[in-house]
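Reader: I am new to this structure. Can we go through it feature by feature?

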Amino acid sequence: MSKPREVIRKLRGQATSDGAGVRLTRIIGTRELEQVDPFLLLDEFRSDDPGDYIAGFPEHPHRGFETVTYMLAGRMRHRDNQGNEGLLKAGSIQWMTAGRGIVHSEMPEQEDGLMWGFQLWVNLPAAQKMKAPHYQDIEPGDVPVVEGADGSRIRVLAGTFGGATGPVRGVPVDPLYLDVELAHANMAVEVPITAGHSAFAYVFKGSARLGQDRSRLARGELAILGDGEGLTVSTDDATRLILVAGRPINEPVARYGPFVMNTPQEIRQAFDDFQSGRF
């Protein structure tokens, strides 16, 4: 690659809770890191204690952005006021475009065992914030996997890698979303990333080395990447991480709770519309 990306910042998430008390780690969407335009929030939820997740996320509204749920383990039932319903299970992904407004719930469909996954919030440009809501529910078997002879295994959720194109389509910010697994030490993979797009990596197993300077990223650390045309991921031991990139929107962000718009007035309108039953 002519201009490789390097790590420009590393940080850890903050323990918090959301929904009806689900314990999670918030990595993007904190005071330390408000956003990585166009990405507004990244949560990792992981627990085998039912008390940490059993209350789930009862009905709540959204407007003006997209929510992306990627399940690693466990089962979560989704329902909404548009008549949609689906089961998110290990390996599945749901890309929900809230658009002009939706009310939905995500509730565990298990009483014990490990619940593990990520939720990512992706902003929408002003011109598309009030579009009709819709879903892309992707089954595990519909996510292409690029396997290398050296033991690398990369699931392509969105974007393109290694000749495979992910099943998520039609997202305004042209996202790349990869689940990168390198099975042992002394492995390396080169990942093309569109120049000018924001990008980050988050390690959720082992540790990784990123960039030509081999900056170490431990489990639970997020790396914000500088600009360039690709990233080298290498290992000292087995590792697994998500790598996410997308085109910045570069618009004002007005954000309050479950609504993300461009102005405070639009936020007030969202609350009024929701309370008046117009979602």
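Author: Pockets come first. On a 1 Å grid over the protein atoms alone, a pocket is an open set of points with protein on both sides within 12 Å along at least five of seven lines, and lining residues have an atom within 4 Å of a point. A cavity is a set of points where a 1.4 Å probe fits but cannot get out. This is a predicted model: local features need pLDDT of at least 70, side-chain atom pairs count only at pLDDT 80 or more, and totals for chains, interfaces and linings use all residues. Residues are numbered from 1 along each chain as its sequence is written, and side-chain values use heavy atoms, with hydrogens and water left out.

Reader: Which residues lie nearest the centre of the largest pocket?

Author: They are D18, R26, L41, D43 and W121, out of 24 lining residues. The space in this pocket is about 520 Å³; a volume is the space filled by probe spheres set on the points, which are joined across faces, edges and corners.

Reader: Which element gives the most to that lining?

Author: Strand β5, with 4 residues. Strands are DSSP runs of E, at least two residues; helices are runs of H or I, at least four; both are numbered from the N terminus.

Reader: What is the volume of the largest cavity?

Author: About 50 Å³. Its lining includes V22, F45, Y53 and M115. β4 gives the most to it, with 3 residues.

Reader: How do I read a nonpolar core?

Author: In soluble globular proteins, nonpolar side chains tend to be buried together. A core here is a set of buried Ala, Val, Leu, Ile, Met, Phe, Trp, Tyr and Cys residues joined through side-chain atoms within 4.5 Å. Buried means under 20% relative accessible area, exposed over 50%, partly exposed in between (1.4 Å probe, protein chains only). The largest core has 33 residues; L42, W95 and F118 are among those with the most contacts inside it. Apart from it lies another core of 27 residues, including V146 and L178.

Reader: Which residues of α1 are buried?

Author: I267, A270 and D273. An α-helix has 3.6 residues a turn, so residues three or four places apart point the same way. Seen down the axis of α1, the buried residues fall within an arc of 125°, so they line one face. That arc is taken from the directions from the helix axis to the C-beta atoms.

Reader: What does the face turned away from the buried side carry?

Author: The exposed residues P264, Q265, R268 and Q275.
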